[in-house]
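Subject: Structure handover

Hello,

The structure we discussed is below. My notes on what was found in it follow directly after.

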Amino acid sequence: MLRVTRAELRKLRRPTLLISTILVVAALTALFTSIVFLRANSGQGNGQRGEVISPATLSSALGLVYGFKIVSFFLGITALCVFASQTAQEYTLGTLRNLLVRQPSRMKILFGKYLSMIIFAIALVFLDAVVAIGTSSALAPHAKVTTSAWFTSSALSLLGRTFINVLLTTLAFGTFGMILGLLFRSPISAIATGVIWSLILETILGGVVSSTQKWLPGQNFDNIAQGGSLTVSYRWSLGISAIYLSVAFGIVAFLFKRRDVAN
Amino acid sequence: MTTAISVTDLTKVYGERSALSHATFEVPLGTVCGFVGPNGSGKTTTIRMLLGLIAPTGGTGTVLGESIAHPEKYLPHVGAMIEGPAFYPALSGAENLRVLASLGGFPQSRVSELLEKVGLAERGKSKYKTYSLGMKQRLGIAAALLPNPKLLVLDEPTNGLDPSGIQEVRNLIKDLANEGTSVFVSSHLLSELEMISESLVMLREGKVLFAGRTKDLLAAQVATLVVQPEFSVDLNSLVEIAQRHGRTASVEDGEVHIVADGEWSATFNRLAFNAGITLASLSVTQPTLEETFFEMTGE
């Protein structure tokens, strides 16, 4: 399986994919973190869903991680696109047959690929953390935010927890992308379905019928990074996401193992 | 183990369509075996089953002595290029080979050796998407050679190659066979296969029409005597002489074509002489593999 992971990492580090992903993640993180800090004194919404995050709040340990976790949804969408395209392109390019000739165990291919995606996701979240903390530190004086509480042991512990939660969110979206990739076997169809579902349909559904938020996969994935919300608990989101992804991944893994590779 | 590939009653059915029906054949170890048939005859389906990409509906088979139900046991010793080359367009040729070398656990040093071997050393760092069809084909062959295979399965390896490229591939296959590698090669270039294949498997509509030694197949075909009289007015007389002796004969492009084996040429020469006809030329032509193929497949 490690051979598969090594081979996959060679593909993931190709400049076109790596540089564009780094730029997108860095730009989004810097943009959203900047909005939080630059509008902190405006009295208007500067947080998620128009929430007001005051300089006092940002001066607490939360200030260290707020910019970091606010981007989790877009980080997840990025992972969804990368995971979906990396999986589905094997079918459209016809390269899956090369992989299967060199590694006939389809489960080793699948889990080796997944492991490489986890490594890629860890790198993305790490980049997100570095850019967010860097941007927050740079903009804190401008926003009249004191940073003395950011580097205490409790703040660093919060940073560790947030890192794990953002990583779980990124992996959840990425796994969703991989599932779609295996199901549709076309990068365009998989990405379009994943993005339209997560960005548009879930937002409309959750907005119109708020009780559905508890059941919508994308909303629950993102809720993990936020550490839970007033309406949906962290534990619920973690549990329901694990159930959704395990069942769906189990089904596509079965299909991947049994389906003829005819292209 | 005396066979590189052996299949018995191998069958693949898609819904109500039978892609391969009870195919039985053997490929002797250390030989080049041609795999021919019209488009849609089941060649690629057979190759996919041999490589574990699709599961047979029925029948059994072995590759390098191991059952095709367990491709993991023999694929480390098999190199394959199926349905043309398929690689990642954004990676270079060398990087594409490195991906496969990592996957198969082969030394990375093989990559430069193979690029050299297939004549891509200078373009190894160029992106695959910039390659011509012939270069892509060469890279596909290099990828198939990565494991230093005991069995090489090639599906249309000369597709897109220019005449010198075709000759290089032919020589490469010959060299590999001389080194003891078994080669199972499908191609539409029957003249090429005739030159390199010791054995042949011929398919039509999912059924095996012939499986055996190439020279046995060609020897079983009836030869043609091609006769040219000194004067063209004698063409029809020669046809009549042949027909009187129970042979099928016709006039084609100023020559008389008589279906008969070579041994009858002396008899016919005498018959023509007795009838007062002087022959300007008399030759025996054995059907080529291509002609045999068309004859057998009815294409």
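Chain A exposes about 11300 Å², and carbon and sulfur atoms supply 70% of that area. Accessible areas come from the Shrake-Rupley method with a 1.4 Å probe, and for residues only the protein chains shown count as cover. This is a predicted model, in which local features need pLDDT of at least 70 and side-chain atom pairs count only at pLDDT 80 or more, while totals for chains, interfaces and linings use all residues. Residues are numbered from 1 along each chain as its sequence is written, chains are lettered from A and ligands numbered from 1 in the order in which they are written, and side-chain values use heavy atoms, with hydrogens and water left out.

Chain A

The secondary structure of chain A consists of eleven helices and zero strands. Helices (H or I, at least four residues) and strands (E, at least two) are DSSP runs, numbered from the N terminus. Of the 263 residues of chain A, 51% count as buried; buried means under 20% relative accessible area, exposed over 50%, and partly exposed in between (1.4 Å probe, protein chains only). The C-alpha atoms of chain A fill a box of roughly 60 × 40 × 30 Å along the principal axes. A compact globule of 263 residues would have a radius of gyration near 18 Å, and the 19 Å of chain A agrees with this. That radius is taken over C-alpha atoms, and the globule rule is 2.2 Å times the number of residues to the power 0.38. Among contacts (heavy atoms within 4.5 Å) in chain A between residues at least 6 apart in sequence, 75% join residues at least 24 apart.

The interface

The contact between the chains takes 26 residues from chain A and 37 residues from chain B. About 2500 Å² is buried between chain B and chain A, with carbon and sulfur atoms giving 60% of it. L53(B), Y88(B) and L103(B) supply 29% of the area that chain B buries against chain A, more than any other three residues. Buried area here is the accessible area (1.4 Å probe) that two parts lose on being put together, summed over both.

The sheet of chain B

Chain B has an open sheet of six strands in the order β6-β7-β8-β3-β9-β10, with mixed pairing. Two strands pair if DSSP finds at least two bridges between them. β6 (78-81) and β10 (207-213) of chain B are at the edges with a single partner strand each, so one side of each has no neighbour in the sheet.

Strand β3 (residues 32-36) of chain B has five of its five residues buried. V32(B), G34(B) and V36(B) lie on one side, C33(B) and F35(B) on the other. Four bridges join β3(B) to β8(B), and the two run parallel. Another pairing is with strand β9 (residues 199-204) of chain B, also parallel and through four bridges; there F35(B) stands opposite V201(B). V185(B) in β8(B) is the bridge partner of G34(B), and V185(B) is also the bridge partner of L154(B). Strand β7 (residues 151-155) of chain B runs parallel to β8 (residues 182-186), joined by five bridges.

Helix α1 of chain B

In helix α1 (residues 43-50) of chain B, seven of the eight residues are buried. They are K43(B), T45(B), T46(B), I47(B), R48(B), M49(B) and L50(B). After α1(B) comes G52(B), with a positive phi near 75 degrees.

Regards
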